[in-house]
Amino acid sequence: MAGFAPPPLPEIDLPAAAWPPLLTRARRGARRLLLGRGPMRSHVLQVLVAGQLYAVCSAVAVHAALLGVLPARVAALLAGGMGLTLALHYALVRSGRTAHLADPVLGGPMAVVNLLLCVAGYVLVGEVRGNLLILMAQTQLLAMFRMPPSRLVPLGVLGCVLLGLAAAGLSLADPAAQPWPVTATHLGVAWPALLATAFVTRWIGEIRERLRTQAAELRRVLGDVQQLATHDALTGLLNRRVMDERLPALARRCVEQGRPLTVALIDIDHFKQVNDRHGHAGGDAVLARVAGVLARACPQPSLAARWGGEEFLVAWPGLGRQAAAEVMAWVRRQIELVAPGEPSVAPLPAVTVSAGLAERQDGEPLRALIERADAALYRAKSAGRDRWVIDEPAPAPATAAAPAWPDSSLPAQTA
């Protein structure tokens with residue numbers, strides 16, 4: 001707000017034990033500032049790892065100038081060019097401007113730039129230029145980790161062409177400084193090495209691609225297996241085994257937070273008649289219809305499971321039995337509104353459900369809670385089905401308010 005100024009913070013005398021956490025937070029802040037967050041962190045790390053080669057080459061150039069092997073002007077030019085290239089590369093990746101690209105680290109363009117820097121160094125450094133040939137092979141090796149395998153051989157050919165043009169140009173311009181036999185020796189050593197490195201890196205890159213593809217397929221298959229192991233294949237709801245595993249943890253959280261927990265056993269009315277008249281395809285369509293409504297009525301952290309056959313178990317944390325009854329009313333209404341039938345089966349009759357609700361009491365075992373819900377379900381069926389019954393223990397605990405649900409128009413029913 002305009003004119004608002006927060007009050008001054010009091011001075012705090014931090015004990016010695018408080019300094020390590022402060023230093024840890026400072027290191028984390030500096031690391032976040034340098035590397036960024038999320039996937040960007042790994043991208044920036046790759047840039048900095050590649051930057052070590054720039055630093056080593058710059059140090060070698062400066063050392064050569066101090067020894068008098070390399071002119072100081074050439075050393076400054078090479079070191080400055082490598083430093084500028086690294087700074088520009090880091091700035092592009094750290095800014096996030098490359099995050100949308102297929103290669104956010106710019107491995108391909110930087111490999112070409114590195115080859116150009118190597119060739120420029122080969123032209124400028126004089127008699128020790130042969131030592132730079134190894135850097136071209138290193139560029140090829142590093143490119144293997146970022147470039148597609150199909151582009152590695154063309155990169156090696158480009159390096160051979162650039163080196164051949166530079167060496168031939170030096171011999172043509174000053175045969176005394178770069179005799180043709182020296183050029184032939186350099187090219188005779190460099191060309192086979194660069195091409196061999198190109199083919200080997202392509203081969204390794206293809207292996208890495210296959211391994212990456214196999215790993216992705218394995219993750220997909222494991223995900224499918226996990227889905228089959230934890231969910232009912234027909235309805236997509238949790239299966240009974242997983243419900244038995246997760247319900248105790250949900251109940252513990254409700255106790256720790258002082259919140260109510262209500263469960264409901266829901267049964268499809270006259271489901272055997274649906275199977276008899278419409279076949280298993282019709283029965284499956286009805287099960288899927290009811291499961292879809294229950295999934296919408298049970299957002300996280302609520303649980304919904306196919307308990308067996310045409311019976312479902314749901315658990316609503318934070319809802320007392322009266323609030324859960326309102327949700328149950330919405331469930332029944334939605335099941336009636338869903339258009340019956342599927343394209344592959346005959347039209348189905350209207351489907352209704354019966355339900356028994358029970359709110360957990362202090363210290364009550366979950367088995368007893370579910371048995372109370374089952375008894376309430378039995379009473380609902382005995383009373384004519386198409387209804388729910390709430391188990392009313394004495395004394396009745398306070399209930400929580402009902403949350404907002406997808407349909408605010410909830411039909412009223414007296415339990």
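Predicted model: local features only at pLDDT ≥ 70, side-chain atom pairs only at ≥ 80, totals over all residues.
**View 1. Salt bridge between Glu 209 and Arg 212 in helix H7.** The closest N and O atoms of the two side chains are 2.9 Å apart. Both residues belong to H7 (residues 180-230) and are separated by three residues, about one turn of the helix. Glu 209 has a relative accessible area of 34%, so Glu 209 is partly exposed. Arg 212, at 39%, is also partly exposed.

**View 2. Salt bridge between Arg 241 and Glu 245 in helix H8.** The N to O distance is 2.9 Å. The two residues sit four apart in H8 (residues 240-257), about one turn of the helix. Arg 241 is partly exposed, with 43% relative accessibility.

**View 3. Salt bridge between Asp 391 and Arg 379.** Here the closest N and O atoms are 3.6 Å apart. The pair links distant parts of the chain, 12 residues apart: Arg 379 is in helix H11 (residues 366-382), and Asp 391 is in the segment after strand S5 (388-390). Asp 391 is buried at 12% relative accessible area, whereas Arg 379 is partly exposed at 37%. Both residues are part of a salt-bridge network that also includes Glu 364 and Arg 372.

**View 4. Contact of helices H5 and H6.** The axes of H5 (residues 133-143) and H6 (residues 152-173) come within 10 Å and cross at roughly 160°. The two helices are therefore roughly antiparallel, and their crossing is right-handed. Leu 133, Met 136, Gln 140 and Ala 143 of H5 meet Leu 152, Leu 155, Gly 156, Gly 159 and Leu 163 of H6. The contact comprises six nonpolar, three polar and no charged residues.

Note on methods: Residues numbered from 1 in each chain as written. Heavy atoms only, no water. Axes fitted to C-alpha atoms, helices over the stretch in contact; angles between N-to-C directions. Parallel < 35°, antiparallel > 145°, perpendicular 65-115°, else oblique. Left-handed = near helix turned anticlockwise from the far one by under 90°. Contact = heavy atoms within 4.5 Å. Nonpolar A, V, L, I, M, F, W, Y, C, P; charged D, E, K, R; others polar. Salt bridge = Lys/Arg side-chain N within 4 Å of Asp/Glu carboxyl O. Buried < 20%, exposed > 50% of the residue type's maximum accessible area, 1.4 Å probe, protein only.
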